[in-house]
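Let's take a walk through this one, strand by strand and helix by helix. Have the viewer open and follow along.

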Amino acid sequence: MDLLNTLVDKGLRRELPTREEALAVLATSDDELLDVVAAAGKVRRQWFGRRVKLNYLVNLKSGLCPEDCSYCSQRLGSKAEILKYTWLKPDDASKAAAAGVAGGAKRVCLVASGRGPTDKDVDRVSETISAIKEQNEGVEVCACLGLLSDGQAGRLRAAGADAYNHNLNTSEATYGDICTTHDFSDRVSTVQQAQAAGMSACSGLIAGMGESDADLVDVVFALRDLDADSVPVNFLIPFEGTPLAKEWNLTPQRALRILAMVRFVCPDVEVRLAGGREVHLRSLQPLALHLVNSIFLGDYLTSEGQSGKDDLAMIEDAGFEVEGTDTTTLPEHRRQGCGEGACASEGAGEPAATVPAPSENAGEPAATVPAPSDDTRRDLVSVRRRGAGTDLPPNA
């Protein structure tokens, strides 16, 4: 396909695709899927070889959130039967993190439910960061605490936080459909505060909430404009007891096309396969490793994931290798402060790709996306009952 050849050439040069090209990736057919994966895989290998970075989540405070994000099992009014507990003590959080590091995780992600941290919360998380760093040489720590107030990003950075996560989740145009207690600009502002404080920006999306192809492209282009170093791609986990419990809009094939599109738009960025991969990719998870260079190990915040040992076996069986703490994830040009916007021009001096003519439904989900059916695998959504906040050992 001329489209894929053009996108590979652009990705290898860090030249960014057009919106039309990104939409065209999402519109490819299932018959073309392996060609799409192979093309995006060339771009992935150019910048990250066959390395897979492992990340490990520690849920510092679960549930009891005052925000109304429709996708979240911890939201205000959620009836999802998840674990609910207040802040873990720093020592307990550090022990939970150590399990992930022992399993091969290079980055520990400290997450707490809520609109944003108080200054006391920042002190508590700072203690946890210090404890983790002292006990695990070379480990990266990413904080994810919600919307930040003035000065909090600097305090987290001073405590040793390497990165801050705050996802944009969906397009600005549709953000009000999934949340009313804060808006898209609040999220952008928090990512920018983290960057200004010297932390690496980690910001991604959630696919499968009923959004259009245009919405997916919009949010990925917004992430590119923010110059996020790490882009987690989540697939909606439709928890019973949340407003989006009936949103089963993804097939494994569509999930792979979404990951490929993200890779083409963010060629030299850490693209992380995040929550929902087991639910929606299922047996096609290994193919996703040709598109992403980072995954979460084991369980997520409120749901159980594939076992850590199965994650490691999948990586090895697919011909990839776990990235060590002695390896820097990002390519050198990104580490030198040369972001995508500054280092590449969009389409400058290059011929336009051959893009399929838009249909009358251009910008809407591809026709291959199935409607929810009675045989939807709701049994694949498993609430976390082990690890942080319990007496049971974690899955790492």
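Before we start, a residue is called buried here when its relative accessible area is under 20%, and exposed when that area is over 50%. Keep in mind, too, that this is a predicted model. With that cut-off, Cys142 counts as buried because its relative accessibility is 1%. Cys266 also comes out as buried, again at 1% relative accessibility.

So what about disulfides? A search through the whole structure turns up 0 of them. A disulfide is a covalent bond between the sulfur atoms of two cysteines. To be called one here, a pair of cysteine sulfur atoms has to be within 2.5 Å. For Cys142, the closest cysteine sulfur belongs to Cys202 and is 4.8 Å away, which is too far for a bond.

Strand β2 covers residues 107–112, and because 6 of its 6 residues are buried, the rest of the structure largely encloses it. Which residues sit on each face?

What does β2 pair with? One partner is β1, residues 51–61, which runs parallel to β2 over 6 bridges. If you want a spot to look at, find Tyr56, which stands opposite Val108 of β2. Another partner is β3, residues 140–144, and this pairing is also in the parallel sense, over 5 bridges. Here Val111 stands opposite Cys144 in β3.

β1, helix α4 (residues 90–102) and β2 form a right-handed β-α-β unit.

UniProt, in an unreviewed entry, places a "binding site" feature at Cys65, Cys69 and Cys72. From this set, Cys65, Cys69 and Cys72 are part of the lining of the largest cavity. Cys65 counts as buried because its relative accessibility is 12%.

Helix α3 takes in residues 33–48, and its 16 residues reach 22 Å from first C-alpha to last, close to the 22 Å expected at 1.5 Å a residue. Its buried residues include Leu33, Val36, Val43, Arg44, Trp47 and Phe48. Just after α3 comes Gly49, with a positive phi of about 60 degrees.

Helix α9 (residues 213–226) has 14 residues and reaches 20 Å between its first and last C-alpha atoms, close to the 20 Å expected at 1.5 Å a residue. Because 12 of those 14 residues are buried, α9 is largely enclosed by the rest of the structure. Asp213, Asp215 and Arg224 are among the buried ones, along with Leu216, Val220 and Phe221. After α9 comes Asp227, whose phi is positive, near 65 degrees.

One last stop: Leu156, in helix α6 (residues 152–158). Is Leu156 buried or exposed? It is buried, because its relative accessible area is 0%. The C-alpha of Leu156 is 7.0 Å from that of Val122, although the two residues are 34 residues apart along the chain.

How values were computed: Residues numbered from 1 in each chain as written. Predicted model: local features only at pLDDT ≥ 70, side-chain atom pairs only at ≥ 80, totals over all residues. Heavy atoms only, no water. Buried < 20%, exposed > 50% of the residue type's maximum accessible area, 1.4 Å probe, protein only. Helix = DSSP H or I, 4+ residues; strand = E, 2+ residues; numbered from the N terminus. Expected span 1.5 Å × (residues − 1). Pairing = 2+ DSSP bridges. Right-handed = clockwise from strand over helix to strand, strands pointing away. UniProt positions renumbered as here; feature names shortened; annotations may be inferred. 1 Å grid on protein atoms, 1.4 Å probe; cavity = no way out; pocket = protein on both sides within 12 Å on 5 of 7 lines; lining within 4 Å.
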